[in-house]
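Dear colleague,

Please find the structure below, handed over for your records. My notes on what was found follow directly after it.

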Amino acid sequence: MENSGGSNWTLKSDPSTELLPYCCSSCDGGEEPFRGKLLQTRTKARSMSTPSAHNSAKFRRTQSLHGPSPVTTFGPKACMMKNPKAVMHIQDPASQRLTWNKPPKSVLVIKKIRDASLLQPFKELCVFLTQQKNMIVYVERKVLEDPAIANDESFVSVKKNFCTFREDYDDISKRVDFIICLGGDGTLLYASSLFQESVPPVMAFHLGSLGFLTPFNFDTYQSQVTQIIEGNAAIILRSRLKVKVVKECGEKKKGTMDEKSLIITNGDTEPNHKTMQYQVLNEVVLDRGPSSYLSNVDLFLDGHLITTVQGDGVIVSTPTGSTAYAVAAGASMIHPNVPAIMITPICPHSLSFRPIVVPAGVELKIMLSRDARNTAWVSLDGRKRQEIAHGDSITITTSCFPVPSICFRDPVNDWFESLAQCLHWNVRKKQSHLSSEEEEF
């Protein structure tokens, strides 16, 4: 990690919960939330794609049919403002407001790679953040390797003050106060993938093609960014899926598996298995891949077999992902504030297999059926695509770490605006009124 910009901070006190001051991973007092309380534990920085088995067991799924309570602290300094009028656990979406425990000092700027149209907005934003707002700006190293940026001599004085990082190598989860995305919906998905636990607030500018998740217009970026820094903004908590992919290692793979691939379950290791854990914002897609045969997978809910999917595949999505691949496969659209998981078959070979919505608190497990003719392939938010063979499994639950997405107006109005502008929801020619002569008939 180059030119780190970490600083000290404290969490805002809450009358209902006594929060302890943050301690870095090198001391004995690192905080980890657990079912609404705080435990003292030691954590270490780790790569996004290789989470430890110890960390995978820290957040156990609630045994009720209600979704796990999401954390309300986002990154090192941001949290959701408490609503004193709230009497229910489900807060009014319009009352969800962003507040800062301390003024933000660092920002991660995510830019769509290899898009020439974003070069000028990116440079303008970085100059504004560094020179006018005195912010520490984090940028991914491969963004600065773009020849259009690397060879721009007028940008050298600004670029030398950046803090750079590399995906899968550097942990910036405790260094970034909030995130600014320049591009389309994919930039928000990418931002989510960089943070496997608490996610800083995300401000997404619409500079891509669809823009369902990017409500801000870049024309007035200075006033809008200033409002965010001052803590004047509404937020929506977009739930994520915690996905665990467990693979069975055959005889040929035993000799090549390293110790980091072992699963630790109840203190015991399973030497013939390896696990990978991910946080998914949109959906988990299991499909038949290049095979011409139907996919044949068993779907379990809380340990009980509920159905076998025979078709092109199945989509397990969050409410945020319900307006992506799932809606194209015939699913309903769910507001992101609804605690739920959607299961949508892809071209099922059955006239009665319809998409279903299950409570956010359940645990789903997907495995190849015993009589499946071929393997399947899984992708997570369109990335990390990998083959699923017999003996492998995919476990999906609702994550305790949502993505706090900053709203342009509020969670309700922004969502319906996106439905109308991006998907042209319920657009048709209006029926004409009846004339007085026609009414007589």
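Strand S11 (residues 235–238) and strand S26 pair in the antiparallel sense over 4 bridges. Helices (H or I, at least four residues) and strands (E, at least two) are DSSP runs, numbered from the N terminus, and two strands pair if DSSP finds at least two bridges between them. Within this pairing, Ile 236 stands opposite Ser 405 of S26. Strand S26 covers residues 403–406, and both of its faces are covered: Val 403 and Ser 405 are buried on one side, Pro 404 and Ile 406 on the other. Here, buried means under 20% relative accessible area, exposed over 50%, and partly exposed in between (1.4 Å probe, protein chains only).

As to provenance, this is a predicted model, in which local features need pLDDT of at least 70 and side-chain atom pairs count only at pLDDT 80 or more, while totals for chains, interfaces and linings use all residues. Residues are numbered from 1 along each chain as its sequence is written, and side-chain values use heavy atoms, with hydrogens and water left out.

The sheet

An open sheet of 6 strands shows antiparallel pairing in the order S15-S12-S25-S22-S17-S18. Its edge strands are S15 (273–280) and S18 (304–311), each of which pairs on one side only. From one strand to the next, the twist averages 20 degrees; axes are lines fitted to C-alpha atoms, for helices over the stretch in contact, and angles run from 0 to 180 degrees between N-to-C directions. Strand S17 (residues 295–301) runs antiparallel to S18 and is joined to it by 7 bridges. Val 309 in S18 is the bridge partner of Val 297.

Salt bridges

The structure holds 7 salt bridges, a salt bridge being a side-chain nitrogen of Lys or Arg within 4 Å of a carboxyl oxygen of Asp or Glu. One of them joins the side chains of Asp 152 and Lys 123 (2.4 Å, N to O). This pair links distant parts of the chain, 29 residues apart: Asp 152 lies in the loop between helix H4 (147–150) and helix H5 (156–159), and Lys 123 in helix H2 (residues 119–132). Asp 152 counts as buried at 16% relative accessibility, and Lys 123 is buried with a relative accessible area of 14%.

A further salt bridge is formed by Asp 312 with Arg 288, whose closest N and O atoms are 2.7 Å apart. This pair also links distant parts of the chain, 24 residues apart, with Asp 312 in the loop between S18 and strand S19 (313–317) and Arg 288 in the loop between strand S16 (283–287) and S17. Asp 312 is partly exposed at 23% relative accessibility, as is Arg 288 with a relative accessible area of 25%.

Lys 142 forms a salt bridge with Glu 140, the closest N and O atoms lying 3.7 Å apart. Lys 142 counts as partly exposed at 37% relative accessibility, whereas Glu 140 counts as buried at 7%.

Surface patch and a loop residue

Val 412, Phe 416 and Trp 425 form a nonpolar patch on the surface, with about 280 Å² of accessible area together. Trp 425 is found in the loop between helix H10 (411–422) and helix H11 (436–439), and is partly exposed with a relative accessible area of 45%. Patches are made of residues with over 30% relative accessible area and no salt bridge; like charges are joined within 9 Å, and nonpolar side chains (Val, Leu, Ile, Met, Phe, Trp, Tyr) within 5 Å. Accessible areas come from the Shrake-Rupley method with a 1.4 Å probe, and for residues only the protein chains shown count as cover.

Lastly, Ala 360, in the loop between strand S21 (356–359) and strand S22 (364–368), counts as buried at 5% relative accessibility.

Yours sincerely
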